[in-house]
2 protein chains.
Amino acid sequence: MASEITIEGPRRTAHAERIPSRLALLAAPEAARSQGEEAYLRIRERIVSLEMPPGSVVNEARLRADLSIGRTPIREALQRLAHENLVRSVPHRGTFVTDVNITDLARITEVRVVLEGCAAHLAAERLGAADRAAISELLDVLQAGRVTDQRDLMKLDQEIHRRIYRAARNSLLEGTLERYFNLSLRLWYLVLDHEVRLLEAVEEHTELLRAVLAGDGARAERCMSNHVSGFELEIRKVLVER
Amino acid sequence: MASEITIEGPRRTAHAERIPSRLALLAAPEAARSQGEEAYLRIRERIVSLEMPPGSVVNEARLRADLSIGRTPIREALQRLAHENLVRSVPHRGTFVTDVNITDLARITEVRVVLEGCAAHLAAERLGAADRAAISELLDVLQAGRVTDQRDLMKLDQEIHRRIYRAARNSLLEGTLERYFNLSLRLWYLVLDHEVRLLEAVEEHTELLRAVLAGDGARAERCMSNHVSGFELEIRKVLVER
DNA sequence: TCCACCGGTATATCGCTCGCATATCGGTTG
DNA sequence: CAACCGATATGCGAGCGATATACCGGTGGA
């Protein structure tokens, strides 16, 4: 019945090699991004870094001028951001950067606690040579104790988390976590310059990476869950006292 | 510094009442969907139900004719589906319905096992009156034993899962699970008419719903995780023997 | 006289349609 | 066998009509 539609996918003869193209795409430096992708990444960066503060209106015309990008890619990016809960679009009213509050923080954390834990568990069990090397390197940086600035620590935290996502070897999980991570990252920016738990975070990271390198899935999972929970507590502390 | 951008959000005077509008939006029957939403839902339905089989090309012009919808909404829908891993778009080559294989099944299940479990746990702990009533009703239907057809069971399974997502009262989690559920649902369609585990599923559902109604989060979580794992095993069994 | 309500107009934004430029593939030809 | 060329599908941009909100002047009542 629907057989007529059953046309072949891209290059059936090399069907087993379709995935590498995706990896190549991911590995592509930064050049071959479409304007839509470009707009998405740049606007996301602005929102996460609070350059576009929560609750503010998103002026499409202004973005178009700022980024020198046409209307279609901008709209495309905004729709994507809406699906990721970074903006909210009200028909014929405007598009707004989503607000942040304690409730959202809790909702985000609820999911991250289990999902990041899951990723850490998988990463520990599936750790490949390349990921092992990268994580060892990150561990060295941590133990060197050079990272004291909060912004640097944030960068490092990003690298650690994203590395673990990849090491878990589950692209769906990776994508999902990436989305939640950006939501969390914005919260971190929000409480930046509030002198919160630097040492604890470093220690948690160290223990986490060691567990992953040791292949101890259960311990890695616990570490990660604790790390995320602790993160929430710190953010919450700053958030409520304001 | 960025204060210039800090324009007010929509109707700051009624800032506390922004959420209800979202609920109203969700509660809106089916009428006020934009064409983009319409296209998304209809194409998704076609893909999940295998009317557009895995690996087939997605002909934009044909969809436009079939659905009597313009090009922009179709593109919009396809981009959204691409982000949800139901189609894959290759620049200047075409758009294809994503293939399914054992690996994907495993990746999907990995996430669902923890996430669905998490949702069940939260649902059990946060069960409100309305959700309690709805779930009791679902339990009655299950225990009546009238549902024997596999397609009916599938419908019922959908209702149960979606109800639990909502009962968990975490919109982010709900959205994420909805995406994964559609991926799983397509796999179920794939092995339909293969006479697989009807009774077990019903029993699992019954136990799950009882746990949720009893407010036993831990048990609900275990039930759900087992349910999802069992689901994978059954699908896998059929998938490998072909 | 002043205030509250109300209807009409103005504006801004959005969703959608349409057309052009571009890049890739497959077949054909020298 | 290599290179060219048409076919195809996408990326992007501009414009049109629709719609919801905001503004404003008028009117009725206290």
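Start at Arg75(B): an N or O atom of its side chain sits 2.7 Å from a phosphate oxygen of DNA strand D. The model is predicted, and every distance on this tour is computed from it.

**Stop 1: around the DNA.** Keep DNA strand D selected and show the residues around it. There are 16 of them. The closest are Gln35(A), Gly70(A), Arg71(A), Thr72(A) and Arg75(B). Of the atoms of DNA strand D that come within 4 Å of the protein, 62% belong to sugar and phosphate.

Stop 2: Select Gly70(A). A polar backbone atom of Gly70(A) is 2.9 Å from a phosphate oxygen of DNA strand D. Move to Arg71(A).

**Stop 3: the elements behind the surface.** Color by secondary structure. In chain A, helix H2 (35-48) and helix H4 (71-83) each supply at least two residues of the surface near DNA strand D. H4(A) gives the most, with 3 residues. Now color by residue class. The surface near DNA strand D has 9 polar, 6 charged and 1 nonpolar residues.

**Stop 4: the sheet of chain A.** Select the strands of chain A. They include an open sheet of 3 strands, ordered S1-S3-S2, with antiparallel pairing. Which strands form the edges? Strand S1 (57-58) and strand S2 (87-90) do, each pairing on one side only. Zoom in on S2(A) and strand S3 (94-97) of chain A. These two run antiparallel over 4 bridges. Pick out Val90(A): the bridge partner of Val90(A) in S3(A) is Gly94(A).

**Stop 5: two positive phi angles.** Most residues other than glycine have a negative phi. Two residues here are worth a click.

Select Ser68(A). Its phi is positive, about 55°, although Ser68(A) is not a glycine. Ser68(A) lies in the loop between helix H3 (60-67) and H4 of chain A. Buried or exposed, where does Ser68(A) stand? Ser68(A) is exposed, because its relative accessible area is 63% and the cut-off for exposed is over 50%.

Finish at Leu50(B). Leu50(B) is not a glycine either, yet has a positive phi of about 70°. Find Leu50(B) in the loop between helix H2 (35-48) and strand S1 (57-58) of chain B. Leu50(B) has a relative accessible area of 19%; buried means under 20%, so Leu50(B) counts as buried.

Technical notes
Residues are numbered from 1 along each chain as its sequence is written. Chains are lettered from A and ligands numbered from 1 in the order in which they are written. This is a predicted model: local features need pLDDT of at least 70, side-chain atom pairs count only at pLDDT 80 or more; totals for chains, interfaces and linings use all residues. Side-chain values use heavy atoms; hydrogens and water are left out. A residue is near a molecule or strand if one of its heavy atoms lies within 4 Å of it. A polar contact is a pair of N or O atoms within 3.5 Å; within protein, one must be able to donate a hydrogen and the other to accept it, and residues adjacent in sequence count only if both atoms are side-chain atoms. Ala, Val, Leu, Ile, Met, Phe, Trp, Tyr, Cys and Pro count as nonpolar, Asp, Glu, Lys and Arg as charged, and the others, Gly among them, as polar. Two strands pair if DSSP finds at least two bridges between them. Buried means under 20% relative accessible area, exposed over 50%, partly exposed in between (1.4 Å probe, protein chains only).
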